[in-house]
Amino acid sequence: MRKLILVASAAILAGCSQAAEEEVVDEPVEETAVVEEAGIAADGQPTAGMYRVTSSDGTVYDEDLRTDGTYTQSLNGEVVETGTWEQKSPSQYCYTADEAYVDEDTPAEQQCNTEQIGEDGVWTSTNAAGETAVVERVES
């Protein structure tokens, strides 16, 4: 009888610990944290994504803003700029180009644009020089 109680107790404990192990659920915490850190764009969506940007002179660029804080800017399918980006608020988008230098030894500083969506629904981004580009989010 004692052996039966010990065997039954062991089986019950094994079942409980197995059930406790099965209740552990893996959640994508890391990915969510990256999106939260990345910020929210002027359109209310996470900043990371694909964009079409039309500069004030009519040049159209494609931009890929990644969740790791890096970006690639392309013109006619050819990469013309890479760097890092930061969305400080929905109305302030900042970037630092990898290849931009003040002089041979001094990398350029972060540049910030003011962004807004007008009453007409057009998303604009204005740099420190006052040049305004039109921004469109596109499907990747």
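Which strand is the place of Gly49? The legends below take you there and to a few other spots. This is a predicted model, in which local features need pLDDT of at least 70 and side-chain atom pairs count only at pLDDT 80 or more, while totals for chains, interfaces and linings use all residues. Residues are numbered from 1 along each chain as its sequence is written, and side-chain values use heavy atoms, with hydrogens and water left out.

**View 1. The whole chain has 2 helices and 10 strands.** Helices (H or I, at least four residues) and strands (E, at least two) are DSSP runs, numbered from the N terminus. Read from the N terminus on, the elements go α-α-β-β-β-β-β-β-β-β-β-β. Of the 140 residues in the protein chain, 21% are buried; buried means under 20% relative accessible area, exposed over 50%, and partly exposed in between (1.4 Å probe, protein chains only). The protein chain exposes about 9,900 Å², and carbon and sulfur atoms supply 51% of that area. Accessible areas come from the Shrake-Rupley method with a 1.4 Å probe, and for residues only the protein chains shown count as cover.

**View 2. Here 8 strands form a closed barrel.** Follow the strands around in the order S1-S2-S3-S4-S5-S8-S9-S10, with antiparallel pairing. Two strands pair if DSSP finds at least two bridges between them. Strands of a sheet pair through backbone hydrogen bonds, either parallel or antiparallel.

**View 3. Gly49 sits in strand S1, which spans residues 49–54.** That settles our opening question. Gly49 touches Glu63, Asp64 and Leu65, leaving aside residues up to four places away in sequence; contact means heavy atoms within 4.5 Å. Look for Arg66 too: Gly49 and Arg66 are 17 residues apart in sequence, and their C-alpha atoms are 6.4 Å apart in space.

**View 4. Strands S4 and S5 form a hairpin.** There are 2 residues between these strands. S4 covers residues 78–89 and pairs with S5 in the antiparallel sense over 6 bridges. To find your way along the pair, spot Gly83, which stands opposite Ala97 in S5.

**View 5. Gln87 is a buried residue of strand S4.** Gln87 counts as buried because its relative accessibility is 7%. What does the side chain of Gln87 make a polar contact with? The partner is the side chain of Thr47, at 3.2 Å. A polar contact is a pair of N or O atoms within 3.5 Å; within protein, one must be able to donate a hydrogen and the other to accept it, and residues adjacent in sequence count only if both atoms are side-chain atoms. The Gln87 side chain also reaches the backbone oxygen of Gln92, at 3.4 Å.

**View 6. Cys94 and Cys112 form a disulfide.** The structure holds 1 disulfide, a term for a pair of cysteine sulfur atoms within 2.5 Å. The sulfur atoms of Cys94 and Cys112 are 2.0 Å apart. This pair links distant parts of the chain, with Cys94 in strand S5 (residues 92–97) and Cys112 in strand S8 (residues 111–117), 18 residues apart. The link is right-handed, with 105° about the S-S bond. Cys94 counts as buried because its relative accessibility is 0%, whereas Cys112, at 25%, counts as partly exposed. S5 and S8 run antiparallel and are joined by 4 bridges; Tyr93 has Asn113 in S8 as its bridge partner.
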